Amino acid sequence: MIRFDFTGKVVLVTGSSRGIGASTLAGFARAGAVCVLHYWADPAGENKADAEKLAKELGPNVHLESADVRDAGEVEALMNRVKATLGGLDILVNNAGIIRDRTLKKMTLDEWHAVIQTNLTGVFHCCKYGAEILRDGGRIVSISSIAGILGFHGQTNYAAAKAGVIGITRVLAKELARRRITVNAIAPGVIQTKMLGEVKPDVQAEYLKQIPMGRLGRPEDIANAILFLASDESDYITGHVLPVTGGWL
Ligand code: NDP
């Protein structure tokens, strides 16, 4: 069994206030990393309290940062703060994401743009400004989805964005190889988080029938795969998309 050791590594996980991101950040923190817990303080403000609570639970090596990944200026400023405070970055995990499911006929342009801006342009912003502060030999792991490979009913916006993340991953694996930075993606199946609460129960039941392992995924199932792709042990793996789906593909 691999026991991960990230002592001294600086890790930024976008959208790590809850769900897959929070589980991933907790895994890095337990393995000794210096962690940046990132969230976006929306006007309602409750996310800030959640993020602060989690940061406190995870201990002194966790630094709290807020930025809207849709906004290039906010992401650039975030990366500049990480560089100034922590000296640079070793691992960037692009996890922040949303869903706004609706069939093509009913999908509004706002719903299209919201998902593309967050799930695709957000990843572009984080890679663009994150790569500037990533040290040579660093890691980028982005969260795509099997929706971006298989395509699910009602998800033109989400599937397009997640397929785009795979495209970004394949290109950056080539562009950043000379700096020994590996770039990979995870394609989760159906994972029990707050996001899944936005999917109707009958649709969830249909998803469950497709999963050979007979259960929905847990955030830590994805976190473990991210930690592997971020570790020194995955040094020669780049440009890959790893489905973590309980066998659904
Ligand atoms: P959650 O809804 O639980 O968490 C999403 C995270 O993204 C939150 O921390 C949220 O932060 C953050 N976020 C949303 N919008 C923005 C923004 N504009 N700027 C910065 N942060 C933002 O989702 P999951 O944990 O379920 O999903 C995590 C990732 O995994 C997503 O990319 C998702 O698409 C992907 N995925 C999830 C699957 C699932 O079944 N759950 C399946 C396949 C992929 P806050 O609310 O604090 O602003």
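How many nonpolar, polar and charged residues does the lining of the second largest pocket have? The count is four nonpolar, three polar and five charged. The views below are of a predicted model.

**View 1. The second largest pocket, seen through its lining.** This pocket has a volume of about 350 Å³. Among the residues that line it are Asp101, Arg102 and Thr103, along with Phe152, His153 and Gly154. Glu198, Val199 and Lys200 also belong to the lining, as does Tyr207.

**View 2. The largest pocket, where the ligand sits.** The ligand takes up the space of the largest pocket, whose volume is about 1,100 Å³. Its lining runs to 43 residues, with Arg18, Gly97, Ile98, Ile99 and Met195 lying nearest the centre. Two or more lining residues come from each of α1, β2, α2 (46-58), α4 (109-133) and α6. With three residues, α1 gives the most. Sorted by class, the lining of the largest pocket holds 20 nonpolar, 14 polar and nine charged residues.

**View 3. The shell of residues around the ligand.** There are 31 residues around the ligand, and the ones that come nearest are Arg18, Asn95, Tyr158, Ile191 and Thr193. In this shell, 13 residues are nonpolar, 13 are polar and five are charged. At least two shell residues come from each of α1 (19-30), β2 (34-39) and α6 (156-175).

View 4. For Ile191, a polar backbone atom is 2.8 Å from a ligand oxygen. A ligand nitrogen is 2.9 Å from an N or O atom in the side chain of Asp68. Taken alone, the ligand would expose 890 Å², and the protein buries 95% of that.

Note on methods. Residues are numbered from 1 along each chain as its sequence is written. This is a predicted model: local features need pLDDT of at least 70, side-chain atom pairs count only at pLDDT 80 or more; totals for chains, interfaces and linings use all residues. Side-chain values use heavy atoms; hydrogens and water are left out. A residue is near a molecule or strand if one of its heavy atoms lies within 4 Å of it. A polar contact is a pair of N or O atoms within 3.5 Å; within protein, one must be able to donate a hydrogen and the other to accept it, and residues adjacent in sequence count only if both atoms are side-chain atoms. Accessible areas come from the Shrake-Rupley method with a 1.4 Å probe; for residues, only the protein chains shown count as cover. On a 1 Å grid over the protein atoms alone, a cavity is a set of points where a 1.4 Å probe fits but cannot get out, and a pocket is an open set with protein on both sides within 12 Å along at least five of seven lines; lining residues have an atom within 4 Å of a point. A molecule sits in a cavity or pocket if more than half of its atoms lie within 2 Å of its grid points. Helices (H or I, at least four residues) and strands (E, at least two) are DSSP runs, numbered from the N terminus. Ala, Val, Leu, Ile, Met, Phe, Trp, Tyr, Cys and Pro count as nonpolar, Asp, Glu, Lys and Arg as charged, and the others, Gly among them, as polar. Grid points are joined across faces, edges and corners, and a volume is the space filled by probe spheres set on the points.
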